[in-house]
Amino acid sequence: MYHVYILYSQSHHKTYVGFTSDLEERLKLHNCYSKKGWSIRYRPWIVVYTEIYKDKKSAMEREKYLKSGVGRDLIHKEILPSFFH
């Protein structure tokens, strides 16, 4: 099973989209263990949305879509507002 996830940094108003086979461990990496990379600048991260896929290819395709312009619009117009209300 693979998770496509959206993280949100409340202190910086940033989102991060990714996929993983171990969501709990991946969140720890984003928030604690990683020493380099884009996401460490905007800690702490909270999970605001997840989807589950049976195969890696489907998860990768969905991640790619959510990182596109149309996907980013979806995140900011539908997913984030529904999380905070």
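Predicted model: local features only at pLDDT ≥ 70, side-chain atom pairs only at ≥ 80, totals over all residues.
Is His-13 exposed or buried? His-13 is exposed, with a relative accessible area of 58%.

## Backbone features in two loops

His-13 sits in the loop that joins β1 (2-9) to β2 (14-20). The phi angle of His-13 is near 55°, which is a positive value in a residue other than glycine. Most residues other than glycine have a negative phi, and most peptide bonds are trans.

The peptide bond leading from Arg-43 to Pro-44 is cis, and its omega is near 0°.

## Packing of α2 against α3

Two packed helices are described by the angle between their axes and the distance between the axes. In this model, the axes of α2 and α3 come within 5 Å and cross at roughly 80°. Helix α2 is therefore roughly perpendicular to α3, since angles of 65 to 115 degrees fall in that class.

The residues that meet across this pair are Arg-62, Tyr-65 and Leu-66 on the α2 side, and Val-70, Gly-71, Arg-72, Leu-74 and Ile-75 on the α3 side.

## Buried positions in the two helices

Glu-63 is part of helix α2, which spans residues 56-66. Its relative accessibility is 13%, so Glu-63 counts as buried, the cut-off being under 20%. Apart from neighbours within four places in sequence, Glu-63 is in contact with Val-4, Val-17, Gly-18 and Phe-19.

Ile-79 lies in helix α3 and is buried, with a relative accessible area of 8%. When residues up to four places away in sequence are not counted, Ile-79 touches Ile-6, Tyr-49 and Leu-74.

## A nonpolar surface patch

Which residues form a nonpolar patch on the surface? The patch consists of Ile-46, Phe-83 and Phe-84, and together these residues have about 240 Å² of accessible area.

Phe-84 belongs to helix α3 (residues 69-84). With a relative accessibility of 39%, Phe-84 counts as partly exposed, because this value falls between the cut-offs of 20% and 50%. Helix α3 thus holds both the buried Ile-79 and the partly exposed Phe-84.

How values were computed: Residues numbered from 1 in each chain as written. Heavy atoms only, no water. Helix = DSSP H or I, 4+ residues; strand = E, 2+ residues; numbered from the N terminus. Buried < 20%, exposed > 50% of the residue type's maximum accessible area, 1.4 Å probe, protein only. Contact = heavy atoms within 4.5 Å. Patch = residues over 30% accessible without salt bridge, like charges linked within 9 Å, V, L, I, M, F, W, Y side chains within 5 Å. Areas by Shrake-Rupley, 256 points an atom, 1.4 Å probe, with all protein chains shown as cover. Salt bridge = Lys/Arg side-chain N within 4 Å of Asp/Glu carboxyl O. Axes fitted to C-alpha atoms, helices over the stretch in contact; angles between N-to-C directions. Parallel < 35°, antiparallel > 145°, perpendicular 65-115°, else oblique.
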